[in-house]
Amino acid sequence: MIFDKHIARQAAKVLLQVNAIKLSPKEPFTWASGWKSPIYCDNRIILSFPPIRNYVREEMAKFIEQQYGKPDAIAGVATGAIGIGMLVAEYLGLPFIYVRPEAKGHGRQNQIEGFIESGQNVVVVEDLISTGKSSLNAVKALKQANVNVKGMIAIFTYGFDIAKENFEAEHIDLHTLSNYENLLIEAAETNYIKEDQLETLSAWNSNPSEWNAS
């Protein structure tokens, strides 16, 4: 669920402006999973643009306070959300931790980095939601450490049905700054894409694993 329609459109606009999101229906990208995709998203790019990263952190921070009050800490999902998660925590004056995909194989063998106590409340910050599996892996690690996960917020989601199902199965509340639906509306209205490209992009989103550019 998006924070707000106006915010979703504005966030989509700035993500396109700095090429954090690229749309290429005719020359698709290949994801690590092997899926062919007409969209590529790298939200870490916003960290290089102070006005945009400040906009993102402030909207996220305000939403956290409205939705959850003040948690005991903010947890970022490594590695993509470490930067923005830390900025949100700084804005709110809260401690910050981050969660690795798996425990380190050396040293203290931590999966959760930073200080958090059993029973404390956290809101998880993520940069991008695709299927949701890696994001929910971080939630699982926090729960195993007896940390109470109030919910998760992310910059952007592709809006896949499988992600919705995964979050519902784990009973995790997810809200995002923007999503694929609002991205396409913004891209079409600003002539970033043409009408025939809009049809291609919509078709991909409904069946991404089987989509073929031809």
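**The largest cavity**

Author: Asn43, Arg44, Ile46, Leu47, Gly80, Ile84, Asp127 and Ile155 line the largest cavity. A cavity here is a set of points, on a 1 Å grid over the protein atoms alone, where a 1.4 Å probe fits but cannot get out; lining residues have an atom within 4 Å of a point. This is a predicted model: local features need pLDDT of at least 70, side-chain atom pairs count only at pLDDT 80 or more, and totals for chains, interfaces and linings use all residues. Residues are numbered from 1 along each chain as its sequence is written, and side-chain values use heavy atoms, leaving out hydrogens and water.

The largest cavity holds about 40 Å³ of space. Volume means the space filled by probe spheres set on the points, which are joined across faces, edges and corners. The count is 1 cavity of 30 Å³ or more. Its lining has 4 nonpolar, 2 polar and 2 charged residues. Ala, Val, Leu, Ile, Met, Phe, Trp, Tyr, Cys and Pro count as nonpolar, Asp, Glu, Lys and Arg as charged, and the others, Gly among them, as polar.

Now the helix. Ser135 sits in helix α4, residues 133–144. A helix is a DSSP run (H or I) of at least four residues, numbered from the N terminus. Ser135 is buried, at 1% relative accessible area. Buried means under 20%, with a 1.4 Å probe and protein chains only. Ser135 touches Glu126, Leu128, Ile129, Met152 and Phe167, leaving aside residues up to four places away in sequence. Contact means heavy atoms within 4.5 Å.

Ala141 also lies in helix α4. Ala141 is buried, at 8%.

Methods. 1 Å grid on protein atoms, 1.4 Å probe; cavity = no way out; pocket = protein on both sides within 12 Å on 5 of 7 lines; lining within 4 Å. Helix = DSSP H or I, 4+ residues; strand = E, 2+ residues; numbered from the N terminus. Buried < 20%, exposed > 50% of the residue type's maximum accessible area, 1.4 Å probe, protein only.
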